[in-house]
Every structure is written in structure tokens, then in C-alpha cells.
Amino acid sequence: MNTVTAQRARQMGKHRKPFRILSEWAAGAGNFSPLAYRRGEDAFSDITACMIAGMNDVSTGSVINAVAEDGSGQCFAFGASGRMSAPYAALINGTAAHALDFDDNFAPAFTHATAVLAPALLSLVAGRGIGGAALIDAFIVGLELQGRIGRLMQPAHYERGWHSTSTIGTIGTAGACARLLGATPDQVLAAMSAATSMAAGSKLQFGSMMKPIHAGLAAKNAVLAARFAMAGIGANDDPLAGDWGFAALTGAGNIDAEVMMDRLGEALEIETSGLLAKRFPCCGAIHRSIDALEILRNEPGFLPEAIERIETFLPEMAKRNLRFDRPDDEMEARFSGTYCLARMLVDGALELGHFTPEGVRDERIAAWLPRIRLVAYDNALMVDGANFKATTRIYRKDGGIMEATVSHPKGSPENPLNGADLLAKFQTCCAWSGHAAAAEPLFELAESLGTAIDVGEVMAGIERTLRIQ
């Protein structure tokens, strides 16, 4: 693995800009640890499940219809009747990956990292003979780029209302795509710089069809930015820092870009921060609160009818993502802390089938919504990046109080999903899209992506299995 120590990075930075040093690392880094590869492989398996689950969603179908006239090519796109060009396959697959908000979170960048990285990288494998090791290398590099750019820009960027998945996600993924295509350091830099001209997206879209499309657009734009760089299109060599830099323009301020160099080559984001795989198909801001309620629900003698009201305490930034106390449809319900907690309270679960028009109209759930309250605490009390504690408190009618606090929800690196959990999620996702009978062979194919001789052939196998079923 290329090693650039923090001290050496600072010395190099006296003569070269940090963004260029980061690009040099991205172009040549390799020989990553077994832990890094295993986590990368798990991420591809998990996101494949999410793309299968989201392939028939209305947002995915609408994107397919929008590009049907001019998107034909050689790349498989989940839900499309024919093959698409690489940018449009990335657009469709990114939308499918994020359609049900079942995809992972990445704390340092505040992104749904894999929902952008995997669709973009997979759109570039058809006919190229790219092996699984090269795919995972590019993924690890892309995650590192997202994380280091995130450490420069967060949390101010996210607090301003930017959807980091479609901003930082685009930039870091452009570098990963360039890496997969065999780019030089200059080309990696050019790809990420070009991506800053293509990165946008407001959190105002949370709860609408555009929210998952943000991930699709980020994947598409990352592919295009990498192709621009490989075609010789140059761009500014310091696009993040300075008065007109992307960080300052989008709310992070004019801060020291050398923060991106800290321990570069010594510690990988995929090892130290990891990814948070989701157990519930809803906004990650509420997962800790749901886990805490589940803990209380499993205590002996627990009775919903004995409850007066429920409160959950979480950072202001997380609370603001949960915009809909009284959701009108299933998209808003995914961003409703009250709805998600009411479901766990009443049903003891929170599943894909709960996010339907019928589910949102469930009178049992509606009766609880006014009795559940989200209480914000200061963002400064967040532990690190998007990591935080959530406390759920139950007030009983007899005056008693029950309380549980969760820092690491199930699915986080500190509390990971095990093999059985991942398989169960995969089966659930396949059943949701009507492919329950094909779940086992699809799972085996998804798990083989990281070790494949030719990733394009594995994707063709997934395509054949889905079309046969």
C-alpha cells in the first residue's frame, strides 16, 4: 500500500496542493488489508440487494422511462428492459440503490456512499475484463476520497442543507471511476475537479422522488467526469479550497485543506469508520431511536396500552432530516421519526411492507403519531461526524419512565450485521421485487463480485437470473 505519512504530506504540501497529493495517492494505492476487502465485498452484496429491491420502485421506473429513447448501450441496469450506456446505467442503478432508503450510510462524509460508488463502478465493467480485486480497490479508494473530502467540509456543508450524497458523493466517486479506468494522478485530479462542476442537491428533496434520484445523478456525473478526464479534458487543480473553492461556496468555509492529508496511507476510512448497513428501510437519522425502542419493547411486561407518550432525543441535524411528523405517503414516511417509531411500537418491526400507501393510512399507527415527539439536542454533542447517541424515553400512564440509549445501531461497524442478517436482508429485498425464488443464486453472484475474474460476467449472470425469474 502506498504510504504517505501526515508529516510527509505536510512537507509535500509546501510545494504541492493537498488535493494533488490526494489524487496521487488515489491513482496508486493498493495492497489493502483483508478487513478492507471484506468490508468492500460486503458493501457490494448489500447494495446489490438494495438495487434488486428498488428496481421496480416508481422513482426507478420513471428514470428508466425518461432515458429510454437515448440510453441504449452494453450495461445492465436494474429494472430496464434493455441494456443502457454507462452513464445512464449508473443513473438507473444509483436510483434503484437509494429508492427505498435501505442502503448504507458513511459517517465521515455524511453520504450514502455505496449507492453512488457501486452503480458508477459497475457501469464501467462491461466488456473490459475488470476483475473483482480491481473493483474493490477502486471502491476502497472512492470511499477514502469521500471520507477525506467529508472531513474537510463537514458538518457545515450538511447543516447548510446540502445532500452530501449528491455533492461529496459525486466528487469522490469520480476519482474512484478514474482509478478503475487506469487513470494517472493528473487524470484522477481532473475527474474530481470536473465533478465539482456537476455536484448539487438539496436536502429539501428528502421525502420526494428526487431524493433517490440524487444518488443516480451522482453516479452518472461521476462516470462522465472520469470519462472527461480520460479524454484529456483538464480542470482547475485546486477545486476545493480558496474563496471560490467548492468547500467555501457550499458552506464549509475557507478552511485548511491539509486536513484531508492526515494519516493518508496509514489508516483507511473503510477500516476506521466503516459503513453502516441498514436494518430498516428508512432515514438513518432515526435508526438509533428505533433500536432503543426495540430494546424497551423487549423488556418483560412491556405493554403498549400502558404508555402515555414517547420522546426520543437526537441531534438537531438528525431531527431536521425527519421532516414529516404526519406523513402523507410512503416517501414521506421514510423521513418520519414518529411513523417509524410508531411502527416499531405497534408491530415490533419496521419492514419494506410498512412503506406503502396503505401502510401510511393505518389507523393504528395514526393514533400514535401525536403521542411521539422528537427532541433535538445541540449538534456539538455529536461524537464524530454523523455518529451520535439517541435516547428513547417512554412515559407510562402510571408515572413510570423507561429509557434506553443507543450509540451504535445494529448494522454499524461496532455492531455489524452478521452473515445470517445479510442473507435475510437479501432474501427480503428479492421477495419485495418479486424474485424470492432466485434469492439464493443472486446472493451467491453478489458475494462473488469481489473475487470475480471478470465482474462484467457476474453482472451478466445477475441480469440473466433476474430476467428468467
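Helix α22 first: I took its 14 residues (455–468) at 1.5 Å a residue, which should span 20 Å, and its end C-alpha atoms are 20 Å apart, so the two agree. The expected span here is 1.5 Å times one less than the number of residues. Helices are DSSP runs of H or I with at least four residues, numbered from the N terminus.

Ground rules before I go on: this is a predicted model, where local features need pLDDT of at least 70, side-chain atom pairs count only at pLDDT 80 or more, and totals for chains, interfaces and linings use all residues. Residues are numbered from 1 along each chain as its sequence is written, and side-chain values use heavy atoms, with hydrogens and water left out.

Is α22 mostly covered or mostly open? Mostly covered: I find 10 of its 14 residues buried (under 20% relative accessible area, 1.4 Å probe, protein chains only). The buried ones include V455, G456, M459, I462 and E463. Among the elements covering them are α3 (34–54), α6 (113–122), α7 (132–153) and α21 (439–447).

C50 counts as buried because its relative accessibility is 2%. For C282, also in no disulfide, the nearest cysteine sulfur is that of C340, at 3.8 Å. C282 is buried too, at 0% relative accessible area.

Technical notes. Helices (H or I, at least four residues) and strands (E, at least two) are DSSP runs, numbered from the N terminus. Buried means under 20% relative accessible area, exposed over 50%, partly exposed in between (1.4 Å probe, protein chains only). Contact means heavy atoms within 4.5 Å. A disulfide is a pair of cysteine sulfur atoms within 2.5 Å.
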